[in-house]
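Okay, thanks for coming, everyone.

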Amino acid sequence: MEDTIDGSIRLTEAARIPVQRGTQLLDSAVRYAEERHWDVFPGTWLEAVEGAERCSCGAPVCDAPGAHAARPDWSGQATGSAVAARRLWGRQPKASVLMPTGRTFDALEVPESAGFLALARMERMGMALGPVICGPNRRMLFLVLPGAAVKLPDLVRRLGWVPSSLDLVARGDGQYVAAPPTRVGGQGAVQWVRKPTTANRWLPDAEELISPLAYACGREAADGRDRRS
């Protein structure tokens with residue numbers, strides 16, 4: 001039986017998540033720290049205001065309601081201790097679960113459609129993959145070893161692409177990702193496409209995944225040009 005992290009859900013189940021439960025967030029944050037040794041920190045959360053959900057940051061318009069850093073010193077707040085994570089979410093059980101990149105992992109980010117195309121190709125090739133996240137903003141994140149953000153432009157150029165021509169970016173030092181089961185406003189929940197398991201504990205290097213990801217993003221860019229012409 002696979003040892004998976006609680007709160008993992010299939011993409012087809014997104015519509016079945018009406019609320020974000022504090023116990024799920026706390027348990028997930030603790031297990032990310034305890035089982036994967038990933039740093040975590042609590043972000044903003046959703047509050048009911050006049051019958052509507054709003055971000056705890058108080059901004060009338062928020063790009064990621066309930067799913068962004070709550071304080072400027074978030075980097076120093078991030079912890080890899082399960083005990084500290086339990087204490088942090090004990091104070092605010094509704095806080096989103098955020099994980100800094102550039103420490104135990106970086107993330108290669110692509111559009112959802114390109115991500116699924118690349119993922120299918122990788123699986124056919126039998127490539128070793130790490131966990132993969134998909135957000136309600138229709139963006140997919142492939143977790144890889146740290147250092148990807150620095151290497152990405154050169155890796156893309158070696159394949160014959162101009163980096164700016166592809167919707168392929170990396171999140172590294174000084175950035176973070178929202179982790180499942182964090183919910184982003186009324187958009188839906190962040191979900192695992194490939195859940196963390198004992199089988200994918202060791203992350204791939206960005207260089208191992210860049211070819212199928214760049215190819216998929218290149219196809220998406222070409223399709224977009226065709227639709228506009």
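Before I start on the strands: two strands pair if DSSP finds at least two bridges between them. Helices (H or I, at least four residues) and strands (E, at least two) are DSSP runs, numbered from the N terminus.

Quick housekeeping. This is a predicted model, where local features need pLDDT of at least 70, side-chain atom pairs count only at pLDDT 80 or more, and totals for chains, interfaces and linings use all residues. Residues are numbered from 1 along each chain as its sequence is written, and side-chain values use heavy atoms, with hydrogens and water left out.

So, strand β5, residues 106-111. In β8, A107 has R171 as its bridge partner, and β5 and β8 (residues 169-171) pair in the antiparallel sense over 3 bridges. β5 also runs antiparallel to strand β7 (residues 139-144), joined by 6 bridges; there, V110 stands opposite M140. Is β5 buried or exposed? Buried, meaning under 20% relative accessible area with a 1.4 Å probe, protein chains only: that goes for 6 of the 6 residues of β5, so the strand is largely enclosed by the rest of the structure.

Next, the other sheet I wanted to show. 3 strands form an open, antiparallel sheet in the order β1-β4-β9. β1 (41-42) and β9 are at the edges with a single partner strand each, so one side of each has no neighbour in the sheet. Strand β4 (residues 97-100) is joined to β9 by 3 bridges, and M99 stands opposite V177 in β9.

Now the largest pocket. A pocket here is an open set of points on a 1 Å grid over the protein atoms alone, where a 1.4 Å probe fits, with protein on both sides within 12 Å along at least five of seven lines; lining residues have an atom within 4 Å of a point. The largest one holds about 290 Å³ of space. It is lined by 19 residues, and A64, N137, R171, A178 and V184 are the closest to its centre. β6 (132-134), β7 and β9 (176-178) each give two or more residues to that lining, with β9 giving the most, 3 residues.

Last one: R36, in helix α1 (residues 22-36). What R36 does have is a side-chain polar atom 3.0 Å from the backbone oxygen of N200.

Terms used
Polar contact = N/O pair within 3.5 Å; in protein donor to acceptor, adjacent residues only side chain to side chain. Buried < 20%, exposed > 50% of the residue type's maximum accessible area, 1.4 Å probe, protein only. Points joined across faces, edges and corners; volume = space filled by probe spheres on them.
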